[in-house]
Amino acid sequence: MSIAITTQFICFIVLSLVVIIGALGVVLLESIVYSAFLLGGVFMSVAGLYLLLNASFVAAAQVLVYVGAVNVLIIFAIMLVNKKEDLKPINDIKSRRVISTSICLTLLSLLIRVDLTNVWSLSSPQSSIGDESTIRIGEHLFSDYLLPFEVASVLLLMAMIGAIVLARRDVMSKDISTGLPVDQELIEKSSEPLLTNKN
Amino acid sequence: MEYGLDLEYSFNEFLKGFGLSSEIAHIIWLPLPMLLVLVAAVVGVLVTVWLERKISAAAQQRIGPEYAGALGVLQPIADGLKLLVKEDIIPAKADGILFTAGPILVLVPVILSWLIVPFGQNLLISNVGIGIFLWIALSSIQPIGLLMSGYASNNKYSLLGGLRAAAQSISYEIPLALSVLAIVLMTNSLSTVDIVNQQSGAGILSWNIWRQPVGFIVFWICALAECERLPFDLPEAEEELVAGYQTEYAGMKFALFYLGSYINLILSALLVSILYLGGWGFPIPVELIAKFLNLPINAPFIQVFTASIGIVMTVLKAYLLVFIAILLRWTTPRVRIDQLLDLGWKFLLPISLANLLITAGLKLAFPQFFGG
């Protein structure tokens with residue numbers, strides 16, 4: 001075995017272990033903050049796996065989007081509403097655990113079946129394209145994958161508008177969930193300059 | 001455009017001369033440029049710290065450090081040694097693991113980004129295809145480290161500082177990436193070497209700053225904000241937050257933050273000079289001078305000469321920008337958090353979007369000037 005292949009193999013083992021143990025930690029740990037940080041570690045290791053597959057652009061995009069945006073926002077949200085409260089004990093916790101475990105195992109068996117039945121070798125005998133892949137991704141995004149790409153952006157726009165509507169309730173006359181008129185006073189007070197009353 | 005020194009090739013040939021296989025020669029070669037860049041980054045930090053002390057002293061009509069070495073040049077080393085031997089304190093109520101991991105997560109991406117900084121045609125660690133995009137991706141990891149150390153300190157000032165740092169970092173990342181995108185559009189490549197080569201046609205006249213003046217200003221403002229330098233040092237605003245996320249840190253862990261922020265400043269200055277000021281290019285093209293003096297461009301001594309000029313030019317441009325950043329720090333007041341976010345989202349973001357659109361239009365209209 002040459003040195004390059006050995007290095008690649010060791011990297012693959014380490015990254016896979018980090019992904020699996022990290023993902024288990026995200027689910028099993030009690031502290032939500034630890035879970036969020038571990039999630040970032042899992043995303044990073046997945047980016048490492050992409051790097052091993054010669055997909056450096058996808059790896060960088062993974063880091064930028066999942067670690068830099070999604071995970072930071074998750075941590076941000078956790079820290080903004082970091083209430084120390086004891087979770088209520090759930091009565092039928094055992095049956096819930098059984099159900100969720102069986103669903104997860106079903107999904108796992110489905111994935112294993114896909115892994116075993118799918119033909120993974122490339123149809124065309126092209127070797128790895130390496131840095132060329134950035135150009136290929138761009139070509140595909142603007143030709144045959146244009147519609148899914150644009151639909152995804154419309155979806156994000158809808159989510160953004162929804163978030164703004166939920167966050168800025170003061171621009172609405174009625175509360176969205178209850179239908180009662182909104183108490184405009186309360187919301188306006190916080191955005192008023194503090195010094196105006198003292199004149 | 002295959003000219004310039006190829007040190008890796010010569011080094012490997014040199015080792016093969018001793019009967020080593022090319023693989024082993026490659027393994028011996030690999031750590032050398034990394035070590036060199038690490039040393040360069042740390043020395044750069046020492047120089048910057050000394051400059052900062054001296055220039056701030058001049059701006060405030062003081063003398064500044066003067067006893068440690070001539071003109072106080074040894075002062076930063078004394079500072080560093082002091083931080084090395086200080087006690088490493090973890091507050092009793094802090095979260096030990098996250099408290100330690102935070103500064104590491106802040107420093108490592110910054111040092112990794114030096115991978116793509118070219119000092120010459122072949123004088124960089126790795127000419128990766130995704131080039132400048134790697135830096136944008138890596139710099140987005142930093143806020144996690146800041147949030148982590150802010151949370152783990154178990155201190156309200158630290159938490160607020162960490163949240164502010166993350167908010168600032170996210171909002172300035174977008175105009176930064178958009179102004180880089182305009183350059184990439186003109187270069188047709190993400191690689192930093194290609195970006196410099198595209199500007200090397202006519203010396204100072206072909207630098208990107210003339211074709212991307214708006215992008216240059218937006219990028220510089222965003223880079224300062226990403227480095228948390230005054231006027232954008234809100235995450236550690238002393239009057240409001242003690243020292244932000246660094247409040248509970250002492251000794252070497254604090255030194256990691258300190259190193260990280262200065263390495264980041266130098267890195268940003270280097271990237272501005274690569275993206276907008278022609279990188280290692282001399283204001284008058286070296287080939288023209290060689291032709292004028294009737295010297296062969298491929299002769300070894302000319303090659304060594306041009307390579308050293310390249311390194312000197314890159315460092316000179318970067319330190320000019322560092323000088324401007326230091327002057328800005330000691331002459332401007334701090335903005336408020338709402339002004340900072342307004343500037344980022346309502347001013348820089350639309351302007352950089354318009355800049356990208358206009359660049360694309362100009363590229364279609366004048367392909368010979370804006371890259372085709």
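Visitor: Where does α16(B) kink?
Guide: At B:Leu348, shortly before the proline B:Pro350, by about 35°; the bend is the angle between axes fitted to the seven residues ending there and the seven starting there. This is a predicted model, where local features need pLDDT of at least 70, side-chain atom pairs count only at 80 or more, and totals for chains, interfaces and linings use all residues. Residues are numbered from 1 along each chain as its sequence is written, while chains are lettered from A and ligands numbered from 1 in the order written.

Visitor: New topic: how many residues of chain A are in contact with chain B?
Guide: 20 residues of chain A, meeting 21 of chain B (contact means C-beta atoms, placed from the backbone, within 7 Å). α3(A) gives the most to chain A's side, with twelve residues.

Visitor: And what's the mean pLDDT of chain A?
Guide: It averages 80, and 76% of the residues score at least 70; pLDDT is the predictor's confidence in each residue, from 0 to 100.

Visitor: Where does pLDDT stay under 50?
Guide: Over residues 187–192 of chain A, which have two contacts beyond four places in sequence. Where pLDDT is low, the predicted coordinates should not be read in detail.

How values were computed. Helices (H or I, at least four residues) and strands (E, at least two) are DSSP runs, numbered from the N terminus.
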